[in-house]
Amino acid sequence: MTLETGGSGAITACSAYRGYGVLFKEDHLYRLMGHRAGDFLLESMAAPGVASQSAASLCEAAGWLYYLAPSGVYRFDGDHPEAVGMALPHGMAGGVGGTDGQCYYLAAVDGTGGGMLYAYHCARGMWYIQDLSDVKSMAAQGDRLFIQTAAGSLLRNAKRGESLPQNLPHISETASALPSMVEFGEDFGGTSQGLRLHGIHLR
């Protein structure tokens with residue numbers, strides 16, 4: 001089954017959220033609703049979406065989807081995006097996001113070309129600056145956030161009583177790139193008529 005978003009602009013990011021798919025352009029959001037072939041539909045919303053080259057900024061933290069848009073940082077609760085990055089520099093690009101469950105971390109390059117790592121405490125609504133400027137990627141495991149730097153170092157966030165960051169051995173740069181895709185939902189019923197949507201492949 002094929003669905004068209006319509007309008008101009010490329011899809012910049014996608015994610016599973018609250019049981020449905022969310023697709024982003026720079027100026028639109030799309031919710032993919034439905035459970036089986038024949039009843040899928042796209043709900044379109046004109047709103048700030050994920051900026052080009054910032055798909056990695058998209059991250060679910062404390063029940064919200066956070067991301068870097070062309071006009072700043074936003075969070076999405078399933079209804080409407082809300083701006084939360086007014087205190088940050090303008091013109092940020094190349095966003096990479098992550099979470100430890102309490103904070104949303106964003107590494108991005110500002111309008112002057114300088115990079116910085118910011119942390120937004122989701123409950124307090126406050127931004128903090130981290131002393132790290134060369135973040136390449138992030139990944140979470142439980143309440144641990146692992147950060148890979150451009151130099152190849154792997155850092156982790158600290159638990160209470162620990163210092164931040166803690167250096168771990170360097171990791172390999174030789175892994176092959178994988179095609180873009182997102183998966184959500186699960187199979188049930190054991191037949192083709194009883195399958196939940198399992199994945200989206202963007203071309």
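## Overall make-up

The protein has 18 strands and zero helices; both come from DSSP runs, with helices being H or I over at least four residues and strands being E over at least two, numbered from the N terminus. This is a predicted model, so local features need pLDDT of at least 70 and side-chain atom pairs count only at pLDDT 80 or more, while totals for chains, interfaces and linings use all residues. Residues are numbered from 1 along each chain as its sequence is written, and side-chain values use heavy atoms, with hydrogens and water left out.

Of the 203 residues, 39% count as buried. Here buried means under 20% relative accessible area, exposed means over 50%, and partly exposed is in between, using a 1.4 Å probe and protein chains only. The accessible surface comes to about 11,500 Å², and 52% of that belongs to carbon and sulfur atoms; the areas are from the Shrake-Rupley method with a 1.4 Å probe, and for residues only the protein chains shown count as cover. As for contacts (heavy atoms within 4.5 Å), take those between residues at least 6 apart in sequence: 36% of them join residues at least 24 apart.

## How confident is the model?

Start with pLDDT, the predictor's confidence in each residue, from 0 to 100. The protein averages 79, and 75% of the residues score at least 70.

## Aromatic pairs

A pair of aromatic rings is described by the distance of the centres and the angle of the planes. A search of the whole structure finds seven aromatic pairs. The cut-offs: rings of Phe, Tyr and Trp (its six-membered ring) pair if their centres lie within 6.5 Å, and planes under 30 degrees apart count as stacked, over 60 as edge-to-face and the rest as tilted. Tyr 17 and Tyr 20 have ring centres 6.5 Å apart and planes at 85°, so this pair is edge-to-face. Tyr 17 counts as buried because its relative accessibility is 1%, and Tyr 20 is buried as well, at 11%.

Tyr 17 also pairs with Phe 76, this time in a tilted arrangement, 6.2 Å centre to centre with 45° between the planes. That pair links distant parts of the chain: Tyr 17 sits in strand β1 (residues 13-17) and Phe 76 in strand β7 (residues 72-76), 59 residues apart. Both Tyr 17 and Phe 76 are buried. Elsewhere, Tyr 66, Tyr 104, Tyr 120 and Trp 127 make up one aromatic cluster.

## A charge over a ring

Arg 75 lies over the face of Trp 64, at 3.8 Å from the ring centre. The test for a charge over a ring is NZ of Lys or CZ of Arg within 6 Å of the ring centre and within 35 degrees of the ring normal.

## Cysteines

A disulfide is a covalent bond between the sulfur atoms of two cysteines.

Ser 54 is in the loop between β4 (41-46) and β5 (59-61), and at 0% relative accessibility it counts as buried. Not counting residues up to four places away in sequence, Ser 54 touches Leu 68, Ala 93, Gly 94 and Gly 95. Ser 54 and Tyr 67 are 13 residues apart in sequence, with 8.0 Å from C-alpha to C-alpha.

Thr 149 belongs to strand β14 (residues 144-149) and counts as buried, at 4% relative accessibility. Leaving aside neighbours within four places in sequence, its contacts are Leu 132, Asp 134, Val 135, Lys 136 and Leu 155.

## Positive phi

Most residues other than glycine have a negative phi. Arg 18 is not a glycine, yet has a positive phi of about 55°. Arg 18 is found in the loop between β1 and β2 (20-24) and is exposed, with a relative accessible area of 56%.

Ala 62 also has a positive phi, near 55°. Ala 62 is in the loop between β5 and β6 and is partly exposed, at 47% relative accessible area.
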